[in-house]
Amino acid sequence: MSESTTLPDNRGNKGRKIGFWLGIAAFFATWFLSNIAPDQPLIARMAAVAVLMAIWWISDAVPLAATSLLPLVLFPFLGIKTGKDTASAYINYIIFLYVGGFLIALAMERWNLHRRIALAIVSKIGRSPSMIVLGFMVATAFLSMWISNTATTIMMVAIGLAVIKSTEQTFGEENTATLSVAMLLGIAYSASVGGMATLVGTPPNLALVRIFEELFPGAVTAGATIGFGQWMMFGVPLMVIMLAVIWVLLTKFFYRPSNSLTLSREVIQKEKASLGAITFEEKVVLAVFSTTAFLWIFRKPLPIGSFTIPGWSSSLPSGAMIDDGTIAITMALILFLIPTRSPKAESEGYGTILDFGVFSRIPWHIVLLFGGGFALAKGFTSSGLSAYVGEAFARMEGTPVLIMIGGLCALLTFLTELTSNTATTEMILPILAAIAVSVKVHPLLLMIPAALSASCAFMMPVATPPNAIVFGSGRIKIAQMVRVGIVINLIGIVLISLSFYLLGPSVFGIDFSEFPDWAQPQN
């Protein structure tokens, strides 16, 4: 479960001050001087709010979560939406899907289940340097599908450094240098790629689902929403292909470890032995985690070719009222009810698998960031700004879909090298929806590739928390990360564009030749 990325704290107060005043100046200039649709004043006001939030998000002028609260203040004062309607955008089932999933992830961390899973995966893959790198990448990607990419990277880097130091003692630092770079970059990149595979893997994916439903309520009625299992049918193969490409680039071309290295598994075995036998608490968390994943994946009917696996919710009398957020909170609550059997936990006052202290570890700033994006999407629609933007791009009608997707993927990939991926996604998705309506293409043809591309920032240390963490190890130079990262960025653009163009329509039920009725502008 990837977390939102922000610009680092060390970028200086000067840039933030410039961003702060630039945002305010742009706000008033857009409102009073732009002369946007004089007969529809709400459009200029909404555009002013969007410009202000975009500049503050990009420049990190004020904390991202604080910027996300602006709609609660500005929408009522500018007559865009009532305070009551605006506030309702900040809480919905996607928020509870995120919170419930994060609570389960925190339970995995608390009882070291994530570490046991990681070590089990790494130990099963071969002893050669390149295969050890692959083992770390697979373990990192799998965990990042479900838990924070920051926590995953910190843990995997610690294990990886132990392996690297052990190898250095035998073969020397110089002979181990390429292995060190390949392993650490592989961990960072896998943490980002893993988040692409599931809806809870990274905030942009969740933002996409909710913004799509906000902007196109008719899609919900028509059953055209994105299901958890449906997303995985596309996301997991894409993740596997991306991992394979990154592994080959790292270990066969850019930082190929010496064939003379023969890695000992003693470090991994010691790490595994230090965990001891699997505990009762780990078994409970594993059971809850596995059940949750199963319920998410198979809640809705899952078409596989000509065969469809029926969704379990349809067999319940009120199954239509159950969503993924319901499942997440239900399963998370179970962890607050089951008593622990660990003497240490009881001595520390932990009576159950999860307790009240866990709520302080939920990243509430991400929850507010979600809410700000959802409110922005509502404002785009209600003010008429979405329709106005769409009309401005009407001349793009007839542009080949693959070209639109590729250009969009390139824009998002390089934009998120320097900005928050969640904030950027939430800022651009309403615009893409409006463009899609204007040029008469299925909105998901633009919105899904954009959300996926927001996770593909591999060049800069500031781009993602995983990149920053491995750079902070002191064993990676910026030039080394940029050298391979820019190639992976470009390959990612091609892979996302082609895979979505070829597989997206069948997985998500998109017809290139038809514009869905639920996306038609409402008069």
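These legends accompany a set of close-up views of a predicted model.

The model is predicted, so local features need pLDDT of at least 70 and side-chain atom pairs count only at pLDDT 80 or more, while totals for chains, interfaces and linings use all residues. Residues are numbered from 1 along each chain as its sequence is written, and side-chain values use heavy atoms, with hydrogens and water left out.

**View 1. A salt bridge joins arginine 16 and aspartate 60.**
The closest N and O atoms of arginine 16 and aspartate 60 are 3.7 Å apart; a salt bridge here is a side-chain nitrogen of Lys or Arg within 4 Å of a carboxyl oxygen of Asp or Glu. The pair links distant parts of the chain, 44 residues apart: arginine 16 sits in helix H1 (residues 13–33), and aspartate 60 in the loop between helix H2 (41–59) and helix H3 (64–68). Helices (H or I, at least four residues) and strands (E, at least two) are DSSP runs, numbered from the N terminus. Arginine 16 is buried because its relative accessible area is 15%, and aspartate 60 is buried too, at 9%. Buried means under 20% relative accessible area, exposed over 50%, and partly exposed in between (1.4 Å probe, protein chains only). While you are here, take a look at the backbone of aspartate 60: its phi is near 55 degrees, a positive value in a residue other than glycine.

**View 2. Glutamate 282 meets arginine 116 in a salt bridge.**
The N to O distance between these two side chains is 2.6 Å. Glutamate 282 belongs to helix H15 (residues 280–297) and arginine 116 to helix H7 (residues 113–124), so the pair links distant parts of the chain, 166 residues apart. With a relative accessibility of 3%, glutamate 282 counts as buried. A search of the whole structure finds nine salt bridges.

**View 3. Arg210, Glu213 and Glu214 form a network of salt bridges.**
Within it, glutamate 213 pairs with arginine 210, their closest N and O atoms being 3.6 Å apart. Both residues are in helix H11 (residues 203–215), and because they are three residues apart, about one helical turn separates them. Glutamate 213 is buried, with a relative accessible area of 12%, and arginine 210 is buried at 17%.

**View 4. Asparagine 112 has a positive phi in the loop between H6 and H7.**
Asparagine 112 is not a glycine, yet its phi is about 65 degrees. This residue is partly exposed, with a relative accessible area of 33%.

**View 5. Leucine 429 is buried in helix H21 (residues 421–439).**
The relative accessible area of leucine 429 is 0%. Leaving aside neighbours within four places in sequence, leucine 429 is in contact with Ala207, Leu208, Ile211, Leu215, Met447 and Ala450, where contact means heavy atoms within 4.5 Å. To give a sense of scale, leucine 429 and isoleucine 147 are 24 Å apart, C-alpha to C-alpha, and 282 residues apart in sequence.

**View 6. Serine 453 is buried in helix H22 (residues 444–453).**
Its relative accessibility is 0%. Not counting residues up to four places away in sequence, serine 453 touches Cys409, Leu412, Thr413, Thr416 and Ile496.

**View 7. Leu69, Leu72, Val73, Phe77 and Leu368 make a nonpolar surface patch.**
The patch covers about 440 Å², with accessible areas from the Shrake-Rupley method with a 1.4 Å probe; for residues, only the protein chains shown count as cover. Patches are made of residues with over 30% relative accessible area and no salt bridge, where like charges are joined within 9 Å and nonpolar side chains (Val, Leu, Ile, Met, Phe, Trp, Tyr) within 5 Å. Helix H4 (residues 70–78) gives the largest share of the nonpolar patch, three residues. Leucine 72 is found in helix H4 and is partly exposed, with a relative accessible area of 32%.

**View 8. Serine 318 lies in the loop between strand E2 (307–309) and helix H16 (324–335).**
At 39% relative accessibility, serine 318 counts as partly exposed. The C-alpha atoms of serine 318 and leucine 444 are separated by 29 Å, and the two residues are 126 residues apart along the chain.
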